[in-house]
Amino acid sequence: MGRLDGKVAVITGAGSGQGAMEAELFAREGAKVVATDMNDEHLGELLERLGEQYPDAVIGLRQDVSKEADWQHIVEEAVGTFGKVDILINNAGITGITEFTLNKLTIEEWDKVMNVNALGNFLGMKHVIPEMKRNGQGSIVNISSLTGISGLGGLTAYSASKGAIRTMTKGAARDFGGDHIRVNSIHPGYIETPSTEYLTSNADIRDALIAAVPLKYLGQSEDVAYAALFLASDEARFITGEELIIDGGQTIKE
Ligand code: NAP
C-alpha cells in the first residue's frame, strides 16, 4: 500500500531537481501526479522516465507559475484528468542574479524573482484551494528556503520572496484549517540540484558548504522530497502552518 494511494498531486517545477524527485516519489507512493514545468526539455525528460514506470499515473503540462491563466488551465486539466486535487507542491522557483547586494538590485530583477517565487506560490494556492474545498480536504506544501527565515546577502529578492512564502503559508493555514486544508512550508539549506551547480561545481566552495553542515554532506533532492511526502500525506493530518527546516543541522538552535 502506498502512502499517497488515491491522492492527486500537482507538483510545479517538476522537471528538475527536487520537483522531479517529488514527482517520482509521489507516483511510487500511489499518487496521480500532475507534473508541471516551464522548461519543455526538463518536462520531456521526466515524462519519458516516469511514463514507462507509471503510464497511467503521471501527466505533464507546461506552466509558468507566475501566470494566472496557466494556473486556471492546470487546475482544469488536473480535475478533468484525475477528478480532483488533494495535494499542491508549490516547488517551482528561481534564484535570480546572485551577486547583487540590495543597493545594486534593479526593479526588473526584483520583479522577476518575486513573480516566480512569491506571486507563483500565491497563485497556486489561490487556484487550488477552491478545488480542495470542493473535495473536502487538501494539503499544500510550499517550498521556501533557509533564506526565507534568515535572509542571505546578495540574494535580496530571493530572500524576500521566500520570506513571503513562509508567512503566506501561515496565513493560509489559519484561513483554511476549517476546510480541512493544511498548509506547511519547507525550508531547505543547500541541496545539490542544477540550481546550486554554480556553487557546488567549485571544489573550494563545495568543501566550505559541507564544512558548515553537521551531517557533513550536501543535501540531496530526496532529502526534501521525503519531507514533502510526509507533509502531503495523511500521516501529517494534525500539522499545519509549520515550517520544516531541512539543512543537515546547519542552523541548529539552542
Ligand atoms: P531546479 O533544479 O532549478 O528546478 C526548478 C524547475 O522549475 C526547473 O525546471 C525550472 O526551469 C522550473 N521553473 C523556473 N521558473 C519557472 C516558472 N516560472 N514556472 C514553472 N517552472 C519554472 O530547482 P531546485 O534546486 O530543485 O529547487 C526547487 C525549489 O527549492 C525552488 O523553489 C528553490 O528556490 C527551492 N530551494 C532550493 C534550494 C537548493 O539548494 N537547491 C535551497 C532552498 C530552496 P529552468 O531550469 O528552465 O529555470
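1. Among contacts (heavy atoms within 4.5 Å) between residues at least 6 apart in sequence, 75% join residues at least 24 apart. The model is predicted, so local features need pLDDT of at least 70, side-chain atom pairs count only at pLDDT 80 or more, and totals for chains, interfaces and linings use all residues. Numbering runs from 1 along each chain as its sequence is written, and side-chain values use heavy atoms, without hydrogens and water.

2. The protein chain holds 9 helices and 7 strands, taken as DSSP runs (H or I, at least four residues, for helices; E, at least two, for strands) and numbered from the N terminus. The radius of gyration of the chain is 17 Å, close to the 18 Å of the globule rule for 254 residues, so the chain is as compact as a globular protein of that length. That radius is taken over C-alpha atoms, and the rule is 2.2 Å times the number of residues to the power 0.38.

3. Of the 254 residues, 49% count as buried, meaning under 20% relative accessible area (1.4 Å probe, protein chains only).

4. The largest nonpolar core has 33 residues, of which Ile 11, Phe 26, Val 33, Ile 89 and Ile 186 touch the most other members. Such a core is a set of buried Ala, Val, Leu, Ile, Met, Phe, Trp, Tyr and Cys residues joined through side-chain atoms within 4.5 Å. Elements giving two or more residues to this core include β1 (8-11), α1 (17-28) and α9 (221-232). The largest share, 7 residues, comes from α9.

5. Leaving out residues up to four places away in sequence, Phe 26 touches, among others, Ile 11, Val 33, Ile 89, Ala 225 and Leu 229. A second, separate core of 23 residues includes Val 8, Val 75, Leu 123 and Val 128.

Terms used
Buried means under 20% relative accessible area, exposed over 50%, partly exposed in between (1.4 Å probe, protein chains only).
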